[in-house]
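These are my notebook entries on a two-chain model. I record below what I looked up, entry by entry.

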Amino acid sequence: MADHIQETVDAVYTAESRRVLATLIRLLGDFDAAEEAMHDAFRAALEQWPRDGVPANPRAWLVSTGRFKAIDAKRRLARFDALDDTADGPELGTVDPEAWTDRDSVEDDRLRLIFTCCHPALAPDAQIPLTLREVCGLTTEEIARTFLVAAPAMAQRIVRAKGKIRDARIPYRVPEAPELPERLDAALRVIYLVFNEGYTASSGAAVTRYDLSSEAIRLGRLLVDLLPEPEAMGLLGLMLLHESRRAARADAAGDLVLLEDQDRSLWDRASIAEGTALVGRALASRRFGPYTVQGAIAACHAAAREAAATDWDDIVRLYDALLRMEPSPVIALNRAVAVAMRDGPAEGLAIVDDILARGELRDYRLAHAARGEFCRRLGRSAEARSAFERALALAKQEPERRFLERRIRDLGLGIRD
Amino acid sequence: MKYACLVYLETDKLHAVKDTECAACGDGFRSRGLLVAAEALQPVETATTVRVRNGRVTVTDGPFAETKEQLAGFYLIEAADLNEAIQIASKIPPAREGSVEVRPVRQLEV
């Protein structure tokens, strides 16, 4: 019986703890108090549910228990501090218990939590950890390990961010229409950074890291459920389309496999279908942004059953659109690769050399890797070799380093030595 | 809640926004009940720094740190939360030329 209850509580924790926390933050107006109240509520569940049975609505039970525990704690504190007459805020006393936990207000609370954690007034290096901790429920230790930061330093970042939310009064609110686009962008950026951190682990051996890509996709789904804005759909589609290639991106030895060399039968068709549909819906809205266009590019790749069937003309056109939305040298570089595939390596090389000549991307490994690849295809081996060497000097990720070393080795035979 | 909106400008931009525009901005805030106080400041060359160490008052010329931007004025506003404060601060004309630092006012613990 006790084991059975323990299992039930564990399952409720997994399914509901983030919702309970988000609602308690609204009711209590304080992250730390809400977290403590939530843990008190789950502790109480472990004591009371074996005796009284599992309540019909565990979430409502946990929220109201947590809330009472927090009020109790505050009253106990108030007794020691006679001057404190704020023990009961208006929100604590008067809200109808039913209204705390109906589906709409609970889901609103989750949305509030996302927007608060991704508030642009918080330091960028705190937005991601705070989101992972409060919205996804990762522990500070897990987050610290993921970002290769010592746990106390990560804890301090999170504490500082929570302090700013409290002291500067960052509101627990879904942004209103005039500020929504900018604030949605901020939230989408955080989610995409989480995804990329998982997808292209910027340093170290790939497999040891927490599965941030799945976490980001979960966040993306949550956002689309709560706020079906086109660009949120576009981002979710983009992430699903990237993720669909996961099994094909590395070979058995963990080495990087280029898109054109991937075994496309390993691509996850269900993710491709879902991602492509989401991107299609976003495009149809005509209110889409750069994530949707990137999603459309990924969908073009996904639609080609073999690399040779890729519609490079479409892809170049999408990159043109992307570059107009977001002029950036990295996008110009990606466009160069697409142009090279459509028109030949000489055309791609001309664009990359142009970018490098402007002084942009000189320390960006992929610019030199692309230059090396174009030169290699043009038979300009010495130039290719020095470009790959430059890329290798800048690369930190192990599989990528091995890929570049292999390229250099293949070129090196009989040329230098 | 009160927020101080501290206006910073580079020296050559101190007069980039007309005084009449700043005054109109302050009047607008006041008529909507958002303003507690607002003043423009004389340039930083007129500043004097006062410190008390070991009971002795020391007075030095200028501000503590050399920075490119200087404090040019301030608005003390009343806002429900940081989002509202940011919206008000974004209406302060010199935000176009320099920057506005939004700082929550701290209640003295007395």
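**Entry 1. Helix H7 of chain A.**
I began with the residues of H7(A) that count as buried, and the list reads A:Ala126, A:Gln127, A:Ile128, A:Pro129, A:Leu130, A:Thr131, A:Leu132, A:Arg133 and A:Glu134. The helix covers residues 124-134 of chain A and is mostly covered, with 9 of its 11 residues buried. I note here that the model is predicted.

**Entry 2. Chain A overall.**
I then looked up the setting of that helix. Chain A has 21 helices and 0 strands. Its C-alpha trace extends over about 85 × 45 × 45 Å along the principal axes. Of its 417 residues, 37% are buried. Among contacts in chain A with a separation of 6 or more, 60% are between residues 24 or more positions apart.

**Entry 3. Helix H9 of chain A.**
How far does H9(A) reach from its first C-alpha to its last? I found 24 Å for its 17 residues, close to the 24 Å expected at 1.5 Å a residue. Next I listed its buried residues, which are A:Met154, A:Arg157, A:Ala161, A:Lys162 and A:Ile165. Viewed down the helix axis, the buried residues of H9(A) lie within an arc of 130°, so they line one face of the helix. On the other side of H9(A) I found A:Pro152, A:Ala153, A:Gly163 and A:Asp167 exposed. After the helix comes A:Arg169, and I recorded a positive phi for A:Arg169, near 55°.

**Entry 4. A:Pro175.**
Setting aside neighbours within four places in sequence, I found A:Pro175 in contact with A:Phe115, A:Leu180 and A:Arg183. I also looked up its separation from A:Ile351, which is 176 residues away along the chain; the two C-alpha atoms are 41 Å apart.

**Entry 5. Chain B overall.**
I turned to the second chain. Chain B contains 2 helices and 6 strands, and in sequence order these give the pattern β-α-β-β-β-β-α-β. The C-alpha trace of chain B spans about 45 × 40 × 20 Å along its principal axes. Of the 110 residues in chain B, 22% are buried. For contacts in chain B with a separation of 6 or more, residues 24 or more positions apart account for 77%.

**Entry 6. The sheet of chain B.**
In what order do the strands of the open sheet run? I read the order of its 4 strands as S2-S5-S1-S6 (chain B), with antiparallel pairing. Strand S2 (35-40) and strand S6 (99-104) of chain B are at the edges; each has a single partner strand, so one side of each has no neighbour in the sheet. Direction ignored, neighbouring strands of this sheet are turned by 20° against each other on average.

I then went through two of the pairings. S2(B) and strand S5 (residues 69-78) of chain B run antiparallel and are joined by 5 bridges. Within that pairing, B:Ala38 has B:Tyr75 in S5(B) as its bridge partner. Strand S1 (residues 2-10) of chain B also runs antiparallel to S5(B), with 9 bridges between them. I noted that B:Lys2 stands opposite B:Glu78 in S5(B).

Lastly for this sheet, I looked up the helix that packs on it. Helix H1 (residues 19-31) of chain B lies across S2 and S5 of chain B, and H1 runs at about 170° to S2(B).

**Entry 7. Where the chains meet.**
How many residues does each chain bring to the contact? I found 6 residues from chain A and 5 residues from chain B. On the side of chain A that touches chain B, these residues divide into 4 nonpolar, no polar and 2 charged.

How values were computed. Residues are numbered from 1 along each chain as its sequence is written. Chains are lettered from A and ligands numbered from 1 in the order in which they are written. This is a predicted model: local features need pLDDT of at least 70, side-chain atom pairs count only at pLDDT 80 or more; totals for chains, interfaces and linings use all residues. Two residues are in contact if their C-beta atoms, placed from the backbone, lie within 7 Å. A residue is buried if 20 or more other C-beta atoms lie within 10 Å of its own, exposed if 12 or fewer, and partly exposed in between; C-beta atoms are placed from the backbone. Ala, Val, Leu, Ile, Met, Phe, Trp, Tyr, Cys and Pro count as nonpolar, Asp, Glu, Lys and Arg as charged, and the others, Gly among them, as polar. The expected span of a helix is 1.5 Å times one less than its number of residues. The arc is that of the directions from the helix axis to the C-beta atoms. Two strands pair if DSSP finds at least two bridges between them. Axes are lines fitted to C-alpha atoms, for helices over the stretch in contact, and angles run from 0 to 180 degrees between N-to-C directions.
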